[in-house]
Number of protein chains: 2
Amino acid sequence: MYVAMNRFRIAPGKEQEFIEIWRSRDSYLDEVPGFQSFNLLQGPSTEECTLFASHSLWESEEAFINWTKSEAFRKAHANARPAKDIYLGPPQFEGFNSVL
Amino acid sequence: MYVAMNRFRIAPGKEQEFIEIWRSRDSYLDEVPGFQSFNLLQGPSTEECTLFASHSLWESEEAFINWTKSEAFRKAHANARPAKDIYLGPPQFEGFNSVL
């Protein structure tokens, strides 16, 4: 199993706006080979920001990498809106391979 | 769904030793109410460290919190060995609620 996470630091008060951006996206993931599941996760809040993570499970790292090179990926990211005032910095990607 | 992650920064060259510590643990998780799955995840490596995360899925945050107060939790952590030379600092806990 491979876990792909993108961590987002969101400005206080902008949480619902961020969630709505994700709710209205077409991800085109359902028919991607090796894709298992997707969740948008809300993590801890501090005075400075709220942590969110996009969290997807894949059969393998290879399946994930193949998706990032696919037409489905291009389409899913074509209409990503900037909305810069809600993001405190760029997202931070972390990929994990299951070892146990 | 609730995701509980503990992030560990492990010294270079100590990755297998860290994995073995987890492999030999009794987690007593299988019969805990609301527990869904556990994986030990290996993330990116830098010159400084390798990132690992313990990653468990729960029916709800409440189920996770109840577990942390249980006898099963106490037993699972009773024999946690220090092995301090493999850890670069304490683990960092992050809990996430699924919002989409």
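Before looking up any pairing I noted the rule that two strands pair if DSSP finds at least two bridges between them, and that helices (H or I, at least four residues) and strands (E, at least two) are DSSP runs numbered from the N terminus. With that in hand I looked up Ala4(B), whose bridge partner in β4(B) is Gly95(B). The two strands concerned, β1 (residues 2-10) and β4 (residues 92-98) of chain B, pair in the antiparallel sense over six bridges.

Conventions. I am working with a predicted model, in which local features need pLDDT of at least 70 and side-chain atom pairs count only at pLDDT 80 or more, while totals for chains, interfaces and linings use all residues. Residues are numbered from 1 along each chain as its sequence is written, and chains are lettered from A and ligands numbered from 1 in the order in which they are written.

Entry on chain A. I read off three helices and four strands in chain A, which along the sequence follow the pattern β-α-β-β-α-α-β. The radius of gyration of chain A, taken over C-alpha atoms, is 14 Å, close to the 13 Å that the globule rule (2.2 Å times the number of residues to the power 0.38) gives for 100 residues, so chain A is as compact as a globular protein of that length. Along its principal axes the C-alpha trace of chain A spans about 40 × 35 × 20 Å. I then checked contacts, where two residues are in contact if their C-beta atoms, placed from the backbone, lie within 7 Å; among those in chain A between residues at least 6 apart in sequence, 73% join residues at least 24 apart.

Entry on burial. I took a residue as buried if 20 or more other C-beta atoms lie within 10 Å of its own, exposed if 12 or fewer, and partly exposed in between, with C-beta atoms placed from the backbone. Buried residues make up 16% of the 100 residues in chain A.

Entry on the pairing within chain A. Strand β1 (residues 2-10) of chain A runs antiparallel to β3(A), and nine bridges join the two; I found Arg9(A) standing opposite Leu51(A) in β3(A). β3(A) also pairs with β2(A) in the antiparallel sense, over eight bridges, and a hairpin joins β2(A) to β3(A) through four residues. Along this pair, Phe38(A) has Ser56(A) as its bridge partner in β3(A), and Ser45(A) stands opposite Thr50(A).

I looked up the pairings between the chains: β2(A) and β4(B) pair in the antiparallel sense over two bridges, with Leu41(A) opposite Ser98(B). β4(A) and strand β2 (residues 35-45) of chain B likewise pair in the antiparallel sense over two bridges, and there Asn97(A) has Gln42(B) as its bridge partner.

Entry on the two copies. Copies are superposed by least squares on the C-alpha atoms of residues with pLDDT of at least 70 in both, and chain A can be laid on chain B with an RMSD of 0.0 Å by a turn of 180 degrees and a shift of 0.0 Å along the axis. The two copies are thus related as by a two-fold rotation axis.

Entry on the contact. The contact takes 20 residues from chain A and 20 residues from chain B. On the side of chain A that touches chain B, α1 (15-23), β2 (35-45), β3 (50-58) and β4 (92-98) each supply at least two residues, and β2(A) gives the most, with six residues. By class I noted 11 nonpolar, seven polar and two charged residues on that side, where Ala, Val, Leu, Ile, Met, Phe, Trp, Tyr, Cys and Pro count as nonpolar, Asp, Glu, Lys and Arg as charged, and the others, Gly among them, as polar. Because 100% of the interface residues of chain A are also interface residues in chain B, the copies meet through the same surface.

Entry on Gln42(A). This residue lies in strand β2 of chain A and is partly exposed, with 19 other C-beta atoms within 10 Å. Leaving aside its neighbours within four places in sequence, I found Gln42(A) in contact with Thr50(A), Phe52(A), Phe96(B), Asn97(B) and Val99(B).
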